[in-house]
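Hello,

Here is the structure you asked about. My notes on it follow below.

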Amino acid sequence: MAASVERRSLPRVVAASLIGTTIEWYDYFLYGTAAALVFGKVFFPNSDPLTGTLLAFLTYAIGFAARPLGALVFGHFGDRVGRKRLLVVSLLLMGGSTTLIGVLPTYSSIGAAAPVLLTVLRLVQGFALGGEWGGAVLLVSEHGDQRRRGFWASWPQGGAPAGNLLAAGVLSLMTAVQSDTAFLAWGWRVPFLLSAVLVGVGMWIRLAVDESPLFQAALAAQKNRKTVEQPPLVAVLRHHWREVLVAMGARMAENISYYVMTTFVLAYAVSHAHFSKQTALNAVLIGSAIQFALIPLFGALSDRVGRKPVYLVGAVGVGVWAFVFFGLVDTKSFPALVVAVTVGLVFHSAMYAPQAAFFSEMFATRMRYSGASIGAQFSSVAAGAPAPLIATALLKDYGSPTPIAVYVAAAAALTVLAVLCARETKGQDLAETGAETDAETDAEAPAADTTPVGKPATA
């Protein structure tokens, strides 16, 4: 009966995770898209265009610095009190900071205080997203069965292209119906203010889902053992440090290629290939729509052939495609631009889709939120955070996109090495993952003192 109820609730949990992650990624990518097209002009107006974009991407990158802190804080409490509560907090933080960006005064109004406040709000966004990803994918992974975990857990991953699609779509609409002057004056604010409405919808849906049954069972089992647990972070670093390193390496190509091919490409296509803002946004829109459809297919494929083979195809593919990518953009043909972005996102999907199940299957239940979040978010500081910044600097220094392609290919080589070092996890029972580790941890931990207050312990 319990299994039947769990199966019936799974689609609701998947929908709640997908909608929540879509809203969070909408907020996060909206900043990146605006950094490429707007923020350099309204928050750093005294710089030349490329330097202004570089400074805007710097504030964009700073948000990644808060993601590891979010992973540590949300991971700790998510492993102690549950996945659901922390997902509600992350959604509120993300939505609140994004809405405030929509009412933020610009440099012309308050001077240097404007980019400072922008950076603070970006840090809050990063902190929230650092805790969002792990909770969303675990809530689905721990509700589903091992035979189709890759498929079901890939749906929250669809929140990234869906959020990017929504962010680029709203900005594209605003640029289409407004002049450049009106867009820079106030039109760019509308997508940020829209976040308040989206968060309300997301909260209504997320509050209706159940807590992970696997987490509840693990929590009850630990209480019955009457032992004092190690903090999740300590347990992860002691027992799962190899898995953390594998997850970090696996993220390098996935993270770097994504931000180069969806965020940096906007600045490159507009300033270097002389596409209009709307044309560049439309190419990302088309690629993101196709990626959204592909992610569950790659997730299902990983259930059939394994997480590692699918992931490796994506890593090798994106490393090779990086050299083709910029050549297509430089043709200044819109169909070529669409092909460049779309094929890049196809290879990215092959890594991103199985990632949720792959990382979830690496860690024990009572340290899974911490382990998956740390592995995913600590790598983002070295990968996604500086990717648009490094790409912009390389273009400025060399005047050619070839060094950027080499940069992406090097990240792909690192990811291939990390995935080859990983064990295949397809079909693994999450309830049994890390059982030996739990037993060892309990053996090392002191027993909880259950002696009643005022009663001496027996010798």
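The largest nonpolar core has 134 residues; a nonpolar core here is a set of buried Ala, Val, Leu, Ile, Met, Phe, Trp, Tyr and Cys residues joined through side-chain atoms within 4.5 Å. Buried means under 20% relative accessible area, exposed over 50%, and partly exposed in between, with a 1.4 Å probe and protein chains only. Phe39, Val329 and Phe359 have the most contacts inside this core. Helix H1, residues 2-42, gives the most to the core, with 18 residues. Helices (H or I, at least four residues) and strands (E, at least two) are DSSP runs, numbered from the N terminus.

Please note that this is a predicted model, in which local features need pLDDT of at least 70 and side-chain atom pairs count only at pLDDT 80 or more, while totals for chains, interfaces and linings use all residues. Residues are numbered from 1 along each chain as its sequence is written, and side-chain values use heavy atoms, with hydrogens and water left out.

Val329 touches Val265, Tyr268, Ala269, Ala273, Phe275, Leu337 and Ala340, not counting residues up to four places away in sequence. Contact means heavy atoms within 4.5 Å.

Thr22 sits in helix H1. Thr22 is buried, at a relative accessible area of 14%. Apart from neighbours within four places in sequence, Thr22 is in contact with Gly159, Ala162 and Gly163.

Phe44 lies in the loop between H1 and helix H2 (49-65). Phe44 is buried too, its relative accessible area being 15%. Leaving aside neighbours within four places in sequence, the contacts of Phe44 are Phe39, Gly52, Leu55, Ala56, Thr59 and Pro115. Phe39 is also one of the core residues with the most contacts. From Phe44 to Arg67, 23 residues along the chain, the C-alpha atoms are separated by 25 Å.

Glu142 is in the loop between H6 and helix H7 (149-157). With 3% relative accessibility, Glu142 counts as buried. Glu142 and Glu361 are 219 residues apart in sequence, but their C-alpha atoms are 9.9 Å apart in space.

Helix packing

For the helix pairs, axes are lines fitted to C-alpha atoms, over the stretch in contact, and angles run from 0 to 180 degrees between N-to-C directions. Angles under 35 degrees count as roughly parallel, over 145 as roughly antiparallel, 65 to 115 as roughly perpendicular and the rest as oblique. A crossing is left-handed if the near helix is turned anticlockwise from the far one by less than a right angle, and right-handed if clockwise. In the residue classes, Ala, Val, Leu, Ile, Met, Phe, Trp, Tyr, Cys and Pro count as nonpolar, Asp, Glu, Lys and Arg as charged, and the others, Gly among them, as polar.

H2 and H14 pack at about 150 degrees, with their axes 12 Å apart. That angle makes H2 roughly antiparallel to H14. The crossing of H2 past H14 is right-handed. On the H2 side the contact is made by Thr53, Phe57, Tyr60 and Phe64, and on the H14 side by Asn255, Tyr259, Thr263, Phe264 and Ala267. By class, these residues are 6 nonpolar, 3 polar and no charged.

Helix H13 (residues 232-239) and helix H14 (residues 241-271) have axes that come within 5 Å and cross at roughly 85 degrees. H13 and H14 are therefore roughly perpendicular to each other. Val236, Leu237, Arg238 and His239 of H13 meet Trp241, Glu243 and Val244 of H14. This contact has 4 nonpolar, 1 polar and 2 charged residues.

Helix H6 (residues 113-141) and helix H18 (residues 368-382) pack at an angle of about 125 degrees, their axes 9 Å apart. The two helices are therefore oblique to each other. H6 passes H18 in a right-handed crossing. H6 contributes Leu129, Gly130, Gly131, Trp133, Gly134, Gly135 and Leu138 to the contact, and H18 contributes Arg368, Tyr369, Ala372, Ser373, Ala376 and Gln377. The residues divide into 6 nonpolar, 6 polar and 1 charged.

Backbone

Most residues other than glycine have a negative phi. His274 has a positive phi, near 65 degrees. His274 is in the loop between H14 and helix H15 (277-305), and at 58% relative accessibility His274 counts as exposed. Lys332 has a positive phi as well, near 65 degrees. Lys332 lies in the loop between helix H16 (307-329) and helix H17 (334-360).

Regards
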